[in-house]
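Here is a quick tour for anyone meeting this structure for the first time. Have a look at it, and then we'll walk through a few spots one by one.

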Amino acid sequence: MSDSQEYETEYADLGATTQNAMDIAETSMDIVRQFTPDETLADRIRQKSVHSMGDIEFQHLIEFTGTDEVGDDEDAPVRAGARAVLEEADIITDITMVKAGVTGRGHDCEVAKAIGHGKELAEETGMTRTAAAMLELDKEDAFEGSIVTIGNAPTAALALADCIEQGTRPAVVVANPVGFVKAEESRGRIREVSEAYGVPAITHVGRRGGSGLAAALTNELIHVAKDVRTGELELDLDAETRAETGANR
């Protein structure tokens, strides 16, 4: 096995491409695991949030809602997201920065951004470009069965919530828009429709967040899928069973 192949089999940020970078990523995650649980798939998302934000306490702000074919436990959004990656579902982000942060490695999903669509609707109505983009893409059923990642625009999350309320069913929503205006409200709205309609979602509470966090959590879904593909992880266990059996390690 070559050095590069060996490092591919170990945990590393999927954006790292050199041995030194992968060593740093692995060391960082080892430190994170000293302060976070490591029993469930949801714990992997918590760990990634701490790693991304550089804040140990951020793990307590992550919320998991919705359900999948296994159940409505906290692992449901992670299982649903990993399953969507394995099925090569589209990954749709709100803006360019989030799209740029989603790794191109470890999956065969098409990654696209919403911004740029719906220009006429935005001009006609005065709504934000991201909200108009989400509504325009929804007309094309772009979100159906897709991984939808929102890291910047609260209005994009609010628009997506309306689409879900009207029948759209993404495979999973990762919504971490940042800011002081409507950001926390928009994530709460995603949780509301997630719980009402069973759509799996990963959000957080508070004013922090942003494109880097949303991309990082999406990348962890990709990494979970990679572990399933290589036989290192069994996907169809609920969180309680996974914790009891140590299947996450």
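## A threonine in a strand

Let's begin with Thr-149, which sits in strand β4. Keep in mind that this is a predicted model. Is Thr-149 buried or exposed? Its relative accessibility is 0%, so Thr-149 counts as buried.

## Helix α8

Now for helix α8, which covers residues 154-165 and has 12 residues. From its first C-alpha to its last, α8 reaches 17 Å, close to the 16 Å expected at 1.5 Å a residue.

This helix is mostly covered, with 10 of its 12 residues buried. Among them are Pro-154, Leu-158, Leu-160, Cys-163 and Ile-164. And what does the covering? The elements over the buried residues of α8 include α7, β4, β5 (172-175) and α9 (183-197). After α8 comes Gly-167, with a positive phi near 120 degrees.

## Helix α3

Helix α3 runs over residues 41-53, which makes 13 residues. Its reach from first C-alpha to last is 19 Å, close to the expected 18 Å. At the start of α3, Thr-40 points a side-chain oxygen to within 3.4 Å of the backbone nitrogen of Ala-42.

Why can we call α3 largely enclosed by the rest of the structure? Because 10 of its 13 residues are buried. Just after α3, Gly-54 takes a positive phi of about 65 degrees.

Most residues other than glycine have a negative phi. Against that background, here are two residues to look up.

Glu-88 is not a glycine, yet its phi is positive, about 60 degrees. You'll find Glu-88 in the loop between α4 (76-86) and β2 (91-93). Its relative accessible area is 45%, so Glu-88 is partly exposed.

Asp-141 also has a positive phi, near 60 degrees, in a residue other than glycine. Its place is the loop between α7 (129-139) and β4 (147-150). Is Asp-141 buried or exposed? With 55% relative accessibility, Asp-141 counts as exposed.

## An arginine under cover

Arg-83 belongs to helix α4. At a relative accessible area of 15%, Arg-83 is buried. Leaving out neighbours within four places in sequence, its contacts are Asp-68, Glu-69, Val-70, Leu-235 and Asp-236.

How far is it from the C-alpha of Arg-83 to that of Gln-166? The two atoms are separated by 24 Å, and the residues are 83 places apart along the chain.

## A nonpolar patch on the surface

Last stop: the surface. Ile-31, Phe-35 and Ile-56 form a nonpolar patch there, and together they have about 260 Å² of accessible area. Ile-31 comes from helix α2, residues 19-33. With a relative accessible area of 44%, Ile-31 is partly exposed.

Definitions and conventions:
Residues are numbered from 1 along each chain as its sequence is written. This is a predicted model: local features need pLDDT of at least 70, side-chain atom pairs count only at pLDDT 80 or more; totals for chains, interfaces and linings use all residues. Side-chain values use heavy atoms; hydrogens and water are left out. Helices (H or I, at least four residues) and strands (E, at least two) are DSSP runs, numbered from the N terminus. The expected span of a helix is 1.5 Å times one less than its number of residues. Buried means under 20% relative accessible area, exposed over 50%, partly exposed in between (1.4 Å probe, protein chains only). A polar contact is a pair of N or O atoms within 3.5 Å; within protein, one must be able to donate a hydrogen and the other to accept it, and residues adjacent in sequence count only if both atoms are side-chain atoms. Patches are made of residues with over 30% relative accessible area and no salt bridge: like charges are joined within 9 Å, nonpolar side chains (Val, Leu, Ile, Met, Phe, Trp, Tyr) within 5 Å. Accessible areas come from the Shrake-Rupley method with a 1.4 Å probe; for residues, only the protein chains shown count as cover. A salt bridge is a side-chain nitrogen of Lys or Arg within 4 Å of a carboxyl oxygen of Asp or Glu. Contact means heavy atoms within 4.5 Å.
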